[in-house]
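Hi there,

Here is the structure I promised to pass on to you. Please open it next to this email and follow along as you read.

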Amino acid sequence: MTPETWLAFFVACWVISLSPGAGAIASMSCGLQYGFWRGYWNAIGLQLALALQIAVVAAGVGAVLATSSLAFSVIKWFGVAYLLWLALKQWQAMPEMLDDSSAPRPIGRPLTLVLRGFLVNASNPKAIVFILAVLPQFLDPQRDLVLQYLQMGATMVVVDLIVMAGYTGLAAKVLRLLRTPRQQRLVNRSFAVMFAGAAALLATVRRAVV
């Protein structure tokens, strides 16, 4: 990639990552529940799924998934069900009284949080279609395609890690302002509604007719 092309792609990555979506909601939810350092494992899972999706597109399988009605539907409805399950878990989350700033946060297992983030991104077929539509626009067919996909993939992952760190850290800071079970319950249920909203939006996604 030329420096000019990479810079344009770099700017596009920031716009894409900053757009609110299921990944941002999941990052804020984990930051709220587990704090920054523990909750950030969720962001690692998000990036593993993103890297997989880029690899799928680079391998040419993305075109098959984007045009296969069955594959698209299976992934989409799995994603809808998973987001609704996260909404239910968030709604049922039990608040804890935080009497001082040293009160411990609940502990989440890193692998569980990585898997949670991975499933949020991997179960969104719209991401495959989006990557399939966007990445080729920045490719130079006269240059090494594998190297260009690696450059773009690394750029997307790094930018998204930074953005998700912001979402996770912001929510982690907010937790310390929540002193009563009522306040925590309100925030938990707000995130539950956002997860349900993301599921509803995903349910409306339709495969592009080609």
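Two residues are in contact when they have heavy atoms within 4.5 Å of each other. Please keep in mind that this is a predicted model.

Setting aside its neighbours within four places in sequence, Gln53 is in contact with Asn121, Ala122, Asn124, Ala127, Ile128 and Ile131. Is Gln53 buried or exposed? Its relative accessible area is 5%, so Gln53 is buried, the cut-off being under 20%.

Next come the helix pairs. Two packed helices are described by the angle between their axes and the distance between the axes.

Helix H6 (residues 69-92) packs against helix H7 (residues 110-122) at an angle of about 135 degrees, and their axes are 9 Å apart. That angle makes H6 oblique to H7. The crossing of H6 past H7 is left-handed. On the H6 side, the contact is made by Ile75, Phe78, Tyr82, Leu86 and Gln90, and on the H7 side by Leu115, Arg116, Leu119, Val120 and Ala122. Of these residues, eight are nonpolar, one is polar and one is charged.

H6 also packs with helix H10 (residues 181-203), at an angle of about 170 degrees and with the axes 8 Å apart. H6 and H10 are therefore roughly antiparallel to each other. Among the residues making this contact are Trp77, Leu83 and Trp91 of H6 and Phe191, Phe195 and Leu202 of H10. The contact of H6 with H10 divides into 16 nonpolar, three polar and two charged residues.

Enjoy exploring!

Note on methods. Residues are numbered from 1 along each chain as its sequence is written. This is a predicted model: local features need pLDDT of at least 70, side-chain atom pairs count only at pLDDT 80 or more; totals for chains, interfaces and linings use all residues. Side-chain values use heavy atoms; hydrogens and water are left out. Axes are lines fitted to C-alpha atoms, for helices over the stretch in contact, and angles run from 0 to 180 degrees between N-to-C directions. Helices (H or I, at least four residues) and strands (E, at least two) are DSSP runs, numbered from the N terminus. Angles under 35 degrees count as roughly parallel, over 145 as roughly antiparallel, 65 to 115 as roughly perpendicular and the rest as oblique. A crossing is left-handed if the near helix is turned anticlockwise from the far one by less than a right angle, and right-handed if clockwise. Ala, Val, Leu, Ile, Met, Phe, Trp, Tyr, Cys and Pro count as nonpolar, Asp, Glu, Lys and Arg as charged, and the others, Gly among them, as polar. Buried means under 20% relative accessible area, exposed over 50%, partly exposed in between (1.4 Å probe, protein chains only).
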